[in-house]
Each structure stands twice: as structure tokens, then as C-alpha cells.
Amino acid sequence: MFEAADVLDELNDEQRRAATHSDGPLLVLAGAGTGKTGTLVARAAWLRAQGTEASRILLLTFTRRAADDMLARVVSRAAAGPGGGLGTPRTADERICGGTFHAIAHRIIRAHAESFSLPPEFSVIDPADVADVLDVLRADHGLVGTERRAPRAAVCADIYTRCVNTQTTIEDVVAASFPWCRDFTGQLAGLFRAYVAHKRGHALVDFDDLLLLWRAALADPAAGAALRGLFDAVLVDEYQDVNAVQAEIVRLLRPDGRGLTCVGDDAQAIYAFRGADPGHLRALAGAYPGLNVIRLVRNYRSRDSVLRLANAVRPQSEGLELELTGLRGAGAFPQLVRCHDEATQAREIAARVLDAHESGRQLRDQAVLVRAAHHSDVLEVELSARGIPFVKFGGLRFTEAAHVKDFLAAARVVANPADDIGWFRVLRLHEGIGPTHARRIVDALRLADPSPLERWPAAVEAVPARARDAVSATVTGLIGAAALDRTADKAVAILAALVGPLRARYPDAGPRIADLERLADAAASRPSLHEALVELALDPPVSGSDLAGPPRLDDDYLVISTIHSAKGLEWPVVHLPHLVDGAVPSDMALSSRDGLAEERRLFYVAVTRARDELYLYAPLRLHHRRNGRDDRHSYAQVSRFLDARAQAKCEIVEAAPRQPAVPRVAQLAATVDAALESLWGAG
DNA sequence: GGTAACTGGGTTTTT
DNA sequence: CCCAGTTACC
């Protein structure tokens, strides 16, 4: 049914050794652009050719996009031969089980909710919801700012998730990463206990719980054997970005290492801030004595000129050294454009984007990669002014927009009436309902007891008179939605229930409601509202245009992305702005050694996204919004990562500010004021 | 007492 | 743009 030979023919020797490695544990150290994805796809294909059923191969990836990409490639090779097949598989046994750790964990937990004694209607809450829960509980635990400033809810949530993902005690996490919260360690412990109890009482599951529950089920003597037995082979991509819990899940899935393949590159570890630790990659050799290590160093992506800079920037790491060798010829030197200020930088980028476009590149062959989402603000204005279309990835997400959160909260209430955070948000949407009233109403519903919806007629007494009609209408609408069967009908009914309060709340309600109509459409195609909600929480649309439907093939636009979101991707032309200390590396990371090391890896990831042309920009005068007038700008240094050795691999260009076309006029405002004075008359 | 409206200061990266 | 803190209204 399937020819592995075709796939293997396209591989080099090391790749083929990795793809056809027999049974024991395998670690593939794959530098950037060395064909890691192709190798993993080939390995999955080879395993199938050896007789492993597709559904018994588990592929764990870092993003949903990476999983879909690889699954499609495996299938297209099997179903349509090399190069063919755009469709996704329809038959279950053709399908490899693939996704992020969180998505797979969710799938397993949802399927076995009863075995894990979870209510089947449990809600999955995102980090913002976690902060909302903590914000409510905070008051009971001596964490409201009175004499000394207590950590805010979002900070508490960060500490909590850090403890979980690194499996470290509060004392150690606070001491290492949140020293200003040291005085509150005791209160935080109480808060976290209450938070866990609250989640269990209201059928809430957060992102961390998904991993913890999967791990606990795997560690259970009875359930573990059954869950392990679901798979014969486990392939893990981007292993340098796993956290302690994920590493243990992998261990529990393949305790003896048979059928385990991990792929990673510790120079590309960029998720320490959320508990990932490339130490788990290095620890694999100790965990599996028979571990086979294969290095991929032949780079198929970038020109030598780009690779020379990449190698100069790449951090050194003990034991896992790796120097990339190019195969695509020399290429032009990367340009380092020293810009007078940010406006100059924006003009220089726009000019080079247009140059490349005129010499035959499509806009979508180019990307601008930034450290922080707001780094492209000035550029976006410049691009709009010049009529250059662009799409932005990363940064603020569609699901973080207020009205989207409102809709998701209402949908969660319908799916899981015990979801107090959802109730809270829906109630507060109404005029005249603040935190206190919302809490009273939620208390009156007694969500922890069975069937809170039936208690609504009594709870309505807790609504202040002037808001009663509006709130009643909304809740009645939601109760009606809960009674419907089809997902599509539910979604429509939920939106209908919200239209009134949304119009009252938002002056620009029209476009917001239009957004939600598309969201309701998207949710309607899912088998259940539950699945739709979790998919949205776990894998939110990355840009507002995502829900507008697939982009037309003739649409051409420049990509703007955070470096984090650009991981694993490549473009023929890459522009890297803001290469000054304070931005790259971020000033948030300057104080710690580890932080700085991660920033360097991030820069390495950015540089290695480029295939042919790489442009680096350093705006040397930055504006600041300060209260004082004197302090309008400061001077920046070219990023410390672009030291003399790295700059030697670049062509250096000076970009001066545009000369003003009109001569400077002194005291212009004084002239105007004097003219105005004549209007006020002689007093 | 509880809410809305205003103001001033701050902003990393994401499953 | 979003949050916290303050003030002014019901």
C-alpha cells in the first residue's frame, strides 16, 4: 500500500539513518534548516512501511500548525505519491495521532473523563481565566494591597504555573524569579490550595491540569498500562522546549525507550519563560543508557552568508556542539542597517521590502520578525501609508478581544453551568452589575450544587432592579441555548442572547457582533460546543483575519510575526528590526544570565529563518513616552549579540534621517499665540 | 454601598 | 491598548 523507498531516496545519509533507526531510543540533534521535519515525516512513513498502524504512532509537536503540516505530508506520500495530495485523510486508520501535548492530553482526558472521575462537561480555562479566578480568591488570602503591595492576580497566576511546570516549590520559584513577592509566600500557598479546590468544585481544568492529568493517568498502575498501550511509537518534535511535566509524560509513555524518537536543538530553546528547560534534552542520555544520537548539520535552507552569521551568533553548549554547513551557495552578505531612529528604520524596511518585491519576490516571501509585538507599531503605520498589505502573527490574539471573551464565557456557561468565571463575566457585561452584584448572583445560583440553571428564578432576586430585565433576558436566552441539541443552533442562540448587552456595552458593537457571527459559524462546524471551545482556547486563531475564511490564492501580503511565532518557519527574505540592547535582548532579560542566554538563542532562531536575504536594523535613537518633556528619547547600542565578530559577517549601512524639506522656524507657536491674543481684545 | 467615569502610568515571548 | 486608583454619582 505504501512505498517507503520514495521517501528515503530524498534523504541524505544521516537523515536516512534517523528515519530507519530500528527500535531503541533515538535522539536526533537537528540544527536549524537541516530537514528535521522531512526526517520525522520519513520516519513515520518508514514505521508504517514496517507494519506499524498509523493510529498507533503518536506525534507530539509544539504547535498545532506543525502537527497539521507533518500529518498532511505523511498522508500525501501514502495516499497520492510524492508531491501530490492536498487533502487531509478521512479514514481513521490512515491517520497518525498528532498534536500538541496539550491537545493530545485533552483528547485523552475528554475521551476518558469518567474513568478519571471528571465531570464530562468540564470547561478548559485559559490563563486569563485563571487570573480571574485568582483575583476573586485573592481577597480571602491576605493578598489585597493594603499596607504593602501584594502581587497582582496575573503575577499569582505566573507563579502558580511556574511551580507546576518546573515542579518546583513556591519558596524556590519566588526566590529565583519573583523575589519581590517573598513576603507573600505563605499567602500564595493558601491561595493556590484554594484555587485547586475551586477548580475541582466548578469543573474547571486549566492548561497545566491537562498535562498533570495525563501524567497522573499514565503513572497509575492500571490506567497507565492501557494508555501506554495505545501507541507503538512516540515521536517528539522540539524536545528542547518541553517542561518537567512533559518530559515525564514522555518517560511514562516509553519507559524503556523502545519506539521513542526525540528531535531537538538546544540552541533553539526559547520557552524557558513558561517552564521549558533544554536540560531535559541533555538528560535524555542519562535517562536512556542505550540512547542513539544522530546529528543533522547539513543545512538545506540558507545561503552560506546567512549561515556564517548564524554560526557566529549561535551559543556554545557543552556536549551538543553543532556547526551548520551550507549547500545552497554563497549568497549576499547580511546587511546591518544602522538607522538614526525608529521612523528611519520603518522607512528603510519598507524600501527594502519594495525593492525585493520589484525584483520579483512576492510579499509573502518576506517576513519582518520582532521580539515583542509592539515593536512593529511604527512600521505598521508606514506600511499602511505606502499601501503595502501585511498580516501580523503572534502578539495580541483574537480570543483576547473583550467581546470574544464575552462570547466564550457565555458559551462556557451553556456547556458547563458550574463555570462561575463564565457566569461572572456574562453578568458583568450588563450595565449596573459590578463585581459585588455579580458575586451575589453567582452565590445565589449555588453553582457547586447540581442543576444551578433551575435556580435562576430565585437568583434573579439578587439582580438590582434597574438591571433585572436585561439580565433576565440574557440568562433566559442562555438557558434556552443549553436546551438545544445541535452545536450550530446553540452557537446562534448564545450570540442572540448576547446581542443586547453587547450593543449597550460597546459603542462599536456592529463590527464586534460581525466578528462573533463568524466565530459562531466556526464553532458550528465542530461536533460539540465543548470541542469548539477547547480548540479555541488551545489553538486560538492567530490573527483577526483567520476567521475571515481562507485567504485567496492571489492575495499577497507581507508577514509580520514575533520571533517566537516564527519558530520552524522560513522565508526567502527576512527583516529583523530593533536589534538594539533593551529590545533584542529584551530589557526584561538583561539582569539574569539565563535570561540573556535565552535571548541569544532567540536571536539565533530569528537569523536562521532566512533563506536568501537577511536585513538587520538597529534604530539608534529611541523615543519614550515620559511625563517630563526633556526625556523624549534615549540613545541605544547595537545589540550585544552583534559583536565585532558577528558584524564582520555583515555589510554595514548607515541610514540617515530624511532631511526636512522645510527650513526650521523658531518660536512658531509664540507667533500663533500672539496672533490669538488679538482675538481676546485688550483687557 | 456599589458602580461608572476619568486619569495617569505601563507594556515580552505562548500552550 | 489595559490596568489600578481615584472621584463623583445612584
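Predicted model: local features only at pLDDT ≥ 70, side-chain atom pairs only at ≥ 80, totals over all residues.
**Exercise 1. Which residues of α19 are buried?**

Residues are numbered from 1 along each chain as its sequence is written, and chains are lettered from A and ligands numbered from 1 in the order in which they are written.

*Step 1.* Find helix α19 at residues 420–428; helices (H or I, at least four residues) and strands (E, at least two) are DSSP runs, numbered from the N terminus.

*Step 2.* Apply the burial test: a residue is buried if 20 or more other C-beta atoms, placed from the backbone, lie within 10 Å of its own, exposed if 12 or fewer, and partly exposed in between.

*Step 3.* D420, I421, G422, W423, F424, R425, V426 and L427 are the buried ones. That is 8 of the 9 residues, so α19 is largely enclosed by the rest of the structure.

*Step 4.* The buried residues of α19 pack against β4 (123–125), α6 (127–138), α18, α20 and α22 (465–483).

**Exercise 2. Describe how α19 and α20 pack.**

*Step 1.* The axes of α19 and α20 (residues 435–445) lie 9 Å apart at an angle of about 130°. Axes are lines fitted to C-alpha atoms, for helices over the stretch in contact, and angles run from 0 to 180 degrees between N-to-C directions.

*Step 2.* The two helices are therefore oblique to each other (under 35 degrees is roughly parallel, over 145 roughly antiparallel, 65 to 115 roughly perpendicular, and the rest oblique).

*Step 3.* On the α19 side, the contact (C-beta atoms, placed from the backbone, within 7 Å) is made by D420, W423, F424, L427 and R428, and on the α20 side by A438, I441 and V442.

**Exercise 3. Work out the order of the open sheet.**

*Step 1.* Its 6 strands run β3-β2-β6-β7-β1-β8, with parallel pairing (two strands pair if DSSP finds at least two bridges between them).

*Step 2.* β3 (97–100) and β8 (292–296) stand at the edges with a single partner strand each, so one side of each is left without a neighbour in the sheet.

*Step 3.* From one strand to the next, the twist averages 15°.

*Step 4.* Now zoom in on β2 (residues 57–61): β2 and β3 pair over 4 bridges, and L58 stands opposite C97 in β3.

Conventions: Contact = placed C-beta atoms within 7 Å.
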